[in-house]
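Here are my notes on the model shown below. Please read them alongside the coordinates.

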Amino acid sequence: QVQLVESGGGLVQAGGSLRLSCAASGGTFSRHRMGWFRQAPGKEREFVGAITWTLGGTYYADSVKGRFTISRETATNTVYLQMSSLKPEDTAIYYCAEYELSISRSPDYWGQGTQVTVSS
């Protein structure tokens with residue numbers, strides 16, 4: 001069973017930066033891409049961005065494009081979310097997710113989430 005563990009959340013001032021990490025374990029040999037999602041209080045969970053595992057291609061939600069960067073380290077099965085120019089509206093619980101197959105429309109595995117709070 002795949003386990004995803006996020007870390008790096010915290011409190012940061014608007015305009016600041018934060019880097020989240022997600023360590024994957026559990027022995028799956030099939031991993032097509034890793035994604036980041038977030039859920040703000042009273043709102044639905046939303047897609048932030050994703051990275052394909054083999055080639056490292058990335059794509060992002062319009063709301064974070066140009067401010068957030070996803071990267072991965074295949075040797076350690078870790079994916080990162082570098083967040084810059086943070087805004088109060090970025091405040092949310094951030095979740096790491098794994099898609100096993102290219103045809104997976106939604107993640108097959110989720111992390112437990114890490115809180116990011118951006119103060120104004």
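1. There is one disulfide in the structure (a pair of cysteine sulfur atoms within 2.5 Å). C22 and C96 form that disulfide, with their sulfur atoms 2.0 Å apart. C22 sits in strand 3 and C96 in strand 9 (residues 92–99), so the pair ties together parts 74 residues apart in sequence. Strands are DSSP runs of E, at least two residues, numbered from the N terminus.

2. The torsion about the S-S bond of C22 and C96 is about -75°, so the disulfide is left-handed. C22 is buried, at 0% relative accessible area. C96 is buried too, at 0%. Buried means under 20% relative accessible area, with a 1.4 Å probe and protein chains only.

3. On provenance: this is a predicted model, where local features need pLDDT of at least 70, side-chain atom pairs count only at pLDDT 80 or more, and totals for chains, interfaces and linings use all residues. Residues are numbered from 1 along each chain as its sequence is written, and side-chain values use heavy atoms, without hydrogens and water.

4. Is S21 buried or exposed? S21 counts as buried, because its relative accessibility is 16%. S21 belongs to strand 3 (residues 18–25). Beyond its neighbours within four places in sequence, S21 is in contact (heavy atoms within 4.5 Å) with V5, E6, S7, W36, T78, V79 and Y80.

Key. Helices (H or I, at least four residues) and strands (E, at least two) are DSSP runs, numbered from the N terminus. Buried means under 20% relative accessible area, exposed over 50%, partly exposed in between (1.4 Å probe, protein chains only).
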